[in-house]
Amino acid sequence: MSIWWLLAGMFVVTYLPRVIPFLIGRELELPRWVRRWLDYFPYAALGALIFPGILRAVPGRPWLSLAAGGVAAGVALLVRNPTAVVLAAIAFLLGIQNLPGLL
Amino acid sequence: MTRPGELSRGLGAGLSVALGYLPVALTFGVLAGQTGLSPAEAAGMSAWVYAGASQFLALRMIAAAASPLQIVLATFILNFRHFLMGASLARKLSARRGIAAALSYWLTDETFVVASIRLASGPEARLSAASFLVLGLMAYASWVGGTLAGALLAQWIPAAVMGSLGIGLYALFIALLVPSIRKSWRFGLVAGASAAIGFAVSRLAPALSEGWILIGATLGASALGTLLPAESEVQP
């Protein structure tokens, strides 16, 4: 039963940081530089989420992972649909990792 | 005010996140089973905690017989970054306070970047509650369902397939970044600086939790962005 108490504790400390900005600060008049700072957060988060984590996307194969990231970037230049980009990167890895065994 | 276009954009965005989550959730379900959690407990953790990185961390700590208090503290530190993301997104969300508070449950790294960049971008852009709810519920269903499937079907999932699916979330992030850079070089510069900061810090201080690294890189690179010439003519 104690695992459920652990989950309850984890729920509280996970939900609090999520909800507090939506409860307070939505009506605050922020200075312009703070608003610009906040507006850059999504792009900064993207950068840190992609690298260096992507090197471990295929366990033990950093260069193959980077190549798959390159495929994703190439497809993203052609189509705007993120789902298509995700599928293309997965298809690239499935192909390159499984085709040599099939041939 | 909900228009059909907002719902379909939410569906499209939700599909991409759901697809990216599925392999990670399957992996979590498999690992949870190996750590001794029942399928109900594994799915319960995904449903209640709903924070990928801290769930994997909790499994490692449970395996290492850490105390529940230590696990809860580590979870808080790792998930504090959502406070920053919420602060950025809260101003864009069009919803009454109670609804906004409920919707914040589905705020994750992925729903934050997708909602900010695909569903609402730019200082004046608004995020409709309906589109964020659709995005959030699809991502959540994939995370909880994938966890349950992973815990129940562990022995039937081929390792070669799992090894190919792990790229999904990174491909999603790249799919968001590339059009942003085409819109303005500033976004590429900020993202690149953030990646460089994150990489340098993870090398210099390997013991630092990934939560702190993400917080430091996001705050630092965004601050750098505010020093760039103002984007008067660009709609970010």
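Student: From the N terminus on, how do the elements of chain A run? Please look closely at that chain and then at what it touches.

Tutor: Keep in mind that this is a predicted model. Starting at the N terminus, chain A runs α-α-α-α, with four helices and zero strands. Now for its overall form: the C-alpha trace of chain A spans about 60 × 50 × 25 Å along its principal axes. A compact globule of 103 residues would have a radius of gyration near 13 Å, yet the value for chain A is 20 Å. As for burial, 46% of the 103 residues in chain A count as buried.

Next, the partner. Chain A puts 63 residues into its contact with chain B, and chain B puts in 81. On the chain B side, the largest share comes from helix 10 (residues 168-183), which supplies twelve residues. What are the residues on that side of chain B like? They split into 52 nonpolar, 25 polar and four charged.

While we're in chain B, have a look at Trp106(B), which sits in the loop between helix 6 (97-103) and helix 7 (109-119). Trp106(B) counts as buried because 20 other C-beta atoms lie within 10 Å, and the cut-off for buried is 20 or more. Leaving out residues up to four places away in sequence, Trp106(B) touches Thr111(B), Gly136(B), Ala139(B) and Tyr140(B). Phe132(B) is 26 residues from Trp106(B) in sequence, and their C-alpha atoms are 8.6 Å apart in space.

Methods
Residues are numbered from 1 along each chain as its sequence is written. Chains are lettered from A and ligands numbered from 1 in the order in which they are written. This is a predicted model: local features need pLDDT of at least 70, side-chain atom pairs count only at pLDDT 80 or more; totals for chains, interfaces and linings use all residues. Two residues are in contact if their C-beta atoms, placed from the backbone, lie within 7 Å. Helices (H or I, at least four residues) and strands (E, at least two) are DSSP runs, numbered from the N terminus. Ala, Val, Leu, Ile, Met, Phe, Trp, Tyr, Cys and Pro count as nonpolar, Asp, Glu, Lys and Arg as charged, and the others, Gly among them, as polar. A residue is buried if 20 or more other C-beta atoms lie within 10 Å of its own, exposed if 12 or fewer, and partly exposed in between; C-beta atoms are placed from the backbone. The radius of gyration is taken over C-alpha atoms; the globule rule is 2.2 Å times the number of residues to the power 0.38.
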